[in-house]
Amino acid sequence: MGQPLERGPQPPADGRRGPGLPPGPLLSAPGGTPPRPWPLLGAAILLEVGATLALRAALDHPAWYAVVLTGYAGAFTALALVLRAGLGVGVAYGVWAAAGVALTAVLASLLFGDALTWTTALGIALVVAGVLCVETGSPDRRGHPPDRRGRRTPGPPASRGKEPPV
């Protein structure tokens with residue numbers, strides 16, 4: 001019957017990545033270093049905002065639906081790459097959603113004449129403040145949780161409850 005397929009090395013089970021294949025060409029920067037998640041998250045935000053604005057444009061011109069489908073597919077792909085690059089899902093989704101809401105509201109006002117009131121601006125500010133709370137309460141890259149004052153503590157990484165088998 002032939003040789004069984006070999007699986008390459010698996011990503012570390014650090015609690016921040018799901019199971020799957022190791023980083024490949026789309027996930028490695030030159031020299032084999034993993035990509036930084038923030039530029040990928042920026043791309044995901046821009047693709048999602050573009051798709052949402054195209055959805056509004058498609059109401060009048062159906063050809064824009066091609067941009068909607070491509071933009072949302074690209075946004076979710078980029079978001080998946082962000083998660084694979086190691087950014088926590090709470091932070092990644094929070095920043096993605098908050099930036100998407102803010103950019104979409106402002107750009108829809110400029111492009112389509114949608115209302116941008118003080119109440120809307122206050123809502124955007126509250127969403128951004130909430131995301132900042134999530135971000136500052138998340139463990140840093142080494143797994144150090146913030147102390148009660150929100151500062152990062154030195155020392156060994158915090159256990160995530162998933163110790164490797166002995």
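Colleague: Does Ala-92 count as buried or exposed?

Modeller: Ala-92 counts as buried because its relative accessibility is 0%, where buried means under 20% relative accessible area, exposed means over 50% and partly exposed lies in between, with a 1.4 Å probe and protein chains only. Please keep in mind that this is a predicted model, in which local features need pLDDT of at least 70 and side-chain atom pairs count only at pLDDT 80 or more, while totals for chains, interfaces and linings use all residues. Residues are numbered from 1 along each chain as its sequence is written, and side-chain values use heavy atoms, with hydrogens and water left out.

Colleague: Which residues is Ala-92 in contact with, leaving aside neighbours within four places in sequence?

Modeller: With those neighbours set aside, Ala-92 is in contact with Leu-41, Leu-79, Val-82, Leu-83 and Leu-87, contact being heavy atoms within 4.5 Å. Ala-92 belongs to helix H3, and its C-alpha lies 9.0 Å from that of Glu-135, a residue 43 places away in sequence.

Colleague: Stepping back, how many helices and strands are there?

Modeller: The protein has four helices and zero strands, so the order from the N terminus is α-α-α-α; helices (H or I, at least four residues) and strands (E, at least two) are DSSP runs, numbered from the N terminus. Of its 166 residues, 26% count as buried, and among contacts between residues at least 6 apart in sequence, 50% join residues at least 24 apart.

Colleague: What is the reach of H1 from its first C-alpha to its last?

Modeller: Helix H1 covers residues 37-58, which makes 22 residues, and it reaches 31 Å, close to the 32 Å expected at 1.5 Å a residue; the expected span is 1.5 Å times one less than the number of residues.

Colleague: And what covers the buried residues of H1?

Modeller: The cover includes helix H2 (65-84) and helix H3 (89-112). Among the buried residues of H1 are Leu-40, Leu-41, Ala-44, Ile-45, Glu-48 and Val-49.

Colleague: Which residues touch the most other members of the largest nonpolar core?

Modeller: Those are Leu-41, Ile-45, Leu-79, Val-82, Leu-87, Val-95 and Trp-96, out of 19 residues in that core, and the elements giving two or more residues to this core are H1, H2 and H3. A nonpolar core here is a set of buried Ala, Val, Leu, Ile, Met, Phe, Trp, Tyr and Cys residues joined through side-chain atoms within 4.5 Å. Val-95, with neighbours up to four places away left aside, is in contact with Trp-38, Leu-41, Ile-45, Gly-100 and Val-131.

Colleague: Why does Thr-104 count as buried?

Modeller: Thr-104 counts as buried because its relative accessible area is 17%. This residue is in helix H3 and touches Val-49, Thr-52 and Leu-53, not counting residues up to four places away in sequence; Thr-104 and Val-49 are 55 residues apart in sequence, with their C-alpha atoms 5.7 Å apart.

Colleague: Changing topic to charges, how many salt bridges does a search of the whole structure find?

Modeller: The search finds one salt bridge, in which the side chains of Asp-60 and Arg-56 meet at 3.7 Å, N to O. The term means a side-chain nitrogen of Lys or Arg within 4 Å of a carboxyl oxygen of Asp or Glu. Asp-60 is exposed at a relative accessible area of 55%, whereas Arg-56 counts as partly exposed at 31%.

Colleague: Last one: which residues make the nonpolar surface patch?

Modeller: Val-106, Leu-110, Leu-111 and Leu-116 make a patch of about 390 Å². Leu-111, in helix H3, counts as exposed because its relative accessibility is 57%. Patches are made of residues with over 30% relative accessible area and no salt bridge, with like charges joined within 9 Å and nonpolar side chains (Val, Leu, Ile, Met, Phe, Trp, Tyr) within 5 Å.

Key:
Areas by Shrake-Rupley, 256 points an atom, 1.4 Å probe, with all protein chains shown as cover.
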